[in-house]
Amino acid sequence: MSNFRNRIRRLEDARPTVSPGKYLTFTIEGPCNLPEGAAVEFLRRCGHLILDDDVVFVCVIRGMNNDGVFDLPLRDITGHLVTEEFRETAPPAPILDRVPTRLRFTFKIGA
């Protein structure tokens, strides 16, 4: 049993420290090919309190009609404003030392 406790203690000691940032999600309308960081800068200009240590997920909505997909002008459609009070309730950012920090994907909704 002592060996088990020693192993648990070593695992707990090796656990990464908690990131000081928060995990934040946003939804905007805009072009799909936004330059890297442009969406976060746009959200900051809209008044959201986004810090450098935050992990930010931004869903970019584009328009679609019978002629195909088209880009929309930038518009923040997030249902809340990230303020200091909101940050207190937001979940902590995960440690991303083994996960890519730049992911892009596209999916189509509807038929």
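## Salt bridges

Let's start with charged pairs: this structure holds five salt bridges, a salt bridge being a side-chain nitrogen of Lys or Arg within 4 Å of a carboxyl oxygen of Asp or Glu. Keep in mind that this is a predicted model, where local features need pLDDT of at least 70, side-chain atom pairs count only at pLDDT 80 or more, and totals for chains, interfaces and linings use all residues. Residues are numbered from 1 along each chain as its sequence is written, and side-chain values use heavy atoms, with hydrogens and water left out.

Helices here are DSSP runs of H or I with at least four residues, strands are runs of E with at least two, and both are numbered from the N terminus. Glutamate 41 is partly exposed at 38% relative accessible area, and arginine 44 is partly exposed too, at 28%. For these labels, buried means under 20% relative accessible area, exposed means over 50%, and partly exposed is in between (1.4 Å probe, protein chains only).

Aspartate 52 is exposed, with a relative accessible area of 72%.

Then there's arginine 87, which forms a salt bridge with aspartate 54; their closest N and O atoms are 2.7 Å apart. Arginine 87 belongs to helix H3 (residues 84-89) and aspartate 54 to the loop between H2 and E2, so this pair ties together parts that are 33 residues apart in sequence. Arginine 87 is buried at 4% relative accessibility, and aspartate 54 is buried at 10%. As for shared partners, Glu41, Arg44 and Asp52 are joined into one network by their salt bridges.

## Strands around E1

What does strand E1 pair with? E1 (residues 23-29) runs parallel to strand E2 (residues 55-61), with seven bridges between them; two strands pair if DSSP finds at least two bridges between them. Within this pairing, threonine 27 stands opposite cysteine 59 in E2. Getting from E1 to E2, the chain passes through helix H2 (residues 38-45), and this β-α-β crossover is right-handed. That label applies if, with the strands pointing away from the viewer, the path from the first strand over the helix to the second runs clockwise.

E1 also pairs with strand E5 (residues 75-76), this time in the antiparallel sense over two bridges. Here isoleucine 28 stands opposite aspartate 76 in E5.

## Glutamate 29

Leaving out residues up to four places away in sequence, glutamate 29 touches Ile61, Leu72, Pro73, Leu74, Arg75 and Ile77, where contact means heavy atoms within 4.5 Å.

Isoleucine 8 is in helix H1 (residues 2-14) and is partly exposed, at 32% relative accessible area.
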